[in-house]
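Keep the structure open as you read.

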Amino acid sequence: MTFETDKQHLAWYAYASILIFSVILCVLIIVYYYRSQITAFYNRADASSISEISLHESMFKKDLLQVASDTRLLADNHVMLRYADHPSPEMEADVESFWKRMLTERETYDQIRLLDLSGMEVLRVDYNNKFPISIPKSELQDKSERYYVTDVQSLRMGRVYVSPMDVNQENGVPEQPLKPTIRFASGVYNSLQKRVGILVINYNASNYLSMLRASSHDEKADFMILNHDSYWLMHPDQQYEWGQYIPGSADTKFGTMFPQAWEQIQRQKRGKLLIKDNVYDFDTFDLQNLADYVSTRRLIVNDKDKSSNDSQIKYVAHLPSHVIGAYRKKLMMQCAFVLLIWTVLSLLPCWGLSNLLVNYFHEHTELSHRAHHDNVTGLANRVLFTERLEHALMMSERYERICAVLYVDLDGFKPVNDEYGHHIGDELLVSVAGRMHSCIRKTDTVARIGGDEFAILLAEIANRNDAIRIGEKVISRLFDPIPTSKGPVSVGASLGVAVYPED
């Protein structure tokens, strides 16, 4: 009775030990899996955010370069030159007609204006409700106090000024609803190269910001744009935007709500931050450094050696903590489920699992071998031959080597197969395969392509004569009688040669 009791105790002890070991192993695997998935999640989010930021920056830069080019065109063309030399109502009509065509074509330009040297509007065409209209003289405004008029005064001939992004103002009051605007300006000169005015294009950034806002949703990062004072120029929730122009919203800005993140973002040009389970990817876009991206023509330049911070905007992709928390919760539930399943499966005998693994790997190896080799001859089949041929061609192209393919078709195989049976035909094919192998190097490949069709890949040869010589050797060997269980049989072969890169 004591022996039986000890045996039962030992059985339970062994069972408990194996079960505990299995659970511990499962926990280790789950911990590793959990950490790797969290890391992969951060990396995917980071890569996605960086890619999105780069895409949006490139789209924005393309638009701005187009505006800069149009600014030069409108400031320096024959219509504007005639008006600058001889201002008249007829010339004004020609200039405005030219501007209207430009507004209709571009659709993202809100205004085109000509200011005199003091900053007073002389001509102005607005693009309202997708229809360009000329503004009467009585409604033209004095813009002499606006910063961009002052900045353009020192601009040299042929250069284009780009302002920071802010909102359009009419008569000193922000237009409602707020309209994000970037102004491009260039001096207008007469035929004597004397400045007579300033041409200004108002680029309406609303469509671009709406597109960027639509890129944010709950399953990925929120995209936003900040100015140098950390105010939101674009936020997925529009109520946070342009706090500096909304009464009582002076503190509605990134720097106030996320001071730790803003402290690092404003000190670096680009980077990645992880703060309290919030991930920030950011990059700096300087509106007055667009010329750095142009190699053939310097479209946008100001006369300062360094751009001010006012012209810099920050693209920020923010992966909120609630998104990360939701993913963590989902991942933990998956891990708990896996642990439960693992524990149940651990009740099965270990030898059964071992046999299952052995059988699986054996079957996998066997299937892989069958998928790439001929069942009769053991040679490479068409799939494996094609893979090696593609690799040989790539290596030949990269290292300027020569490779060749010999295509062999047995003559007289069908009569042997019909007269003696398929088993004798198989013996014949095996012998043929062995003879072909004896004629090539270990680095070359012999493959059975079809019933009595073979191909030989010569991965590297000196010239075409080497391929011909090996082909003649193969033909010679195949013409010798081949022994089988029914006696020796004779077959011939036809062979074709193709050499890369000649063929």
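## The chain at a glance

There are 13 helices and 18 strands in the chain. Keep in mind that this is a predicted model. Of the 503 residues, 42% count as buried. The chain exposes about 27,900 Å², and carbon and sulfur atoms supply 56% of that area. Now look at contacts between residues with a separation of 6 or more: 63% of them come from residues 24 or more positions apart.

## The cores

In soluble globular proteins, nonpolar side chains tend to be buried together. Here, the largest nonpolar core has 48 residues. Those with the most contacts inside this core are F60, W99, I182, F184, Y203, I225 and Y315. Which helix gives the most to this core? That would be α1 (residues 2-75), with seven residues. There's also a second, separate core of 30 residues, and A404, I461, V489 and V491 are among its members.

## Helix α10

Next up is α10, which spans residues 382-399. From first C-alpha to last, this 18-residue helix reaches 25 Å, close to the 26 Å expected at 1.5 Å a residue. Its buried residues are L384, F385, A392 and S396. Because these cover an arc of only 100° around the axis, they sit on the same side of α10. Turn to the face pointing away from that buried side and you'll find the exposed residues M394, E397 and R398.

Both ends are worth a look. After the helix comes E400, which has a positive phi, near 55°.

| Side chain | Backbone atom | Distance |
|---|---|---|
| R213 | H235 oxygen | 3.1 Å |

## A closer look at R213

R213 lies in helix α5, which covers residues 206-214. Is R213 buried or exposed? Its relative accessibility is 14%, so R213 counts as buried, the cut-off being under 20%. The R213 side chain reaches the backbone oxygen of H235 at 3.1 Å. Leaving aside residues up to four places away in sequence, R213 touches M234, H235, P236, Q238 and E241.

Methods:
Residues numbered from 1 in each chain as written. Predicted model: local features only at pLDDT ≥ 70, side-chain atom pairs only at ≥ 80, totals over all residues. Heavy atoms only, no water. Helix = DSSP H or I, 4+ residues; strand = E, 2+ residues; numbered from the N terminus. Expected span 1.5 Å × (residues − 1). Buried < 20%, exposed > 50% of the residue type's maximum accessible area, 1.4 Å probe, protein only. Arc of directions from axis to C-beta. Core = buried A, V, L, I, M, F, W, Y, C linked by side-chain atoms within 4.5 Å. Contact = heavy atoms within 4.5 Å. Areas by Shrake-Rupley, 256 points an atom, 1.4 Å probe, with all protein chains shown as cover. Polar contact = N/O pair within 3.5 Å; in protein donor to acceptor, adjacent residues only side chain to side chain.
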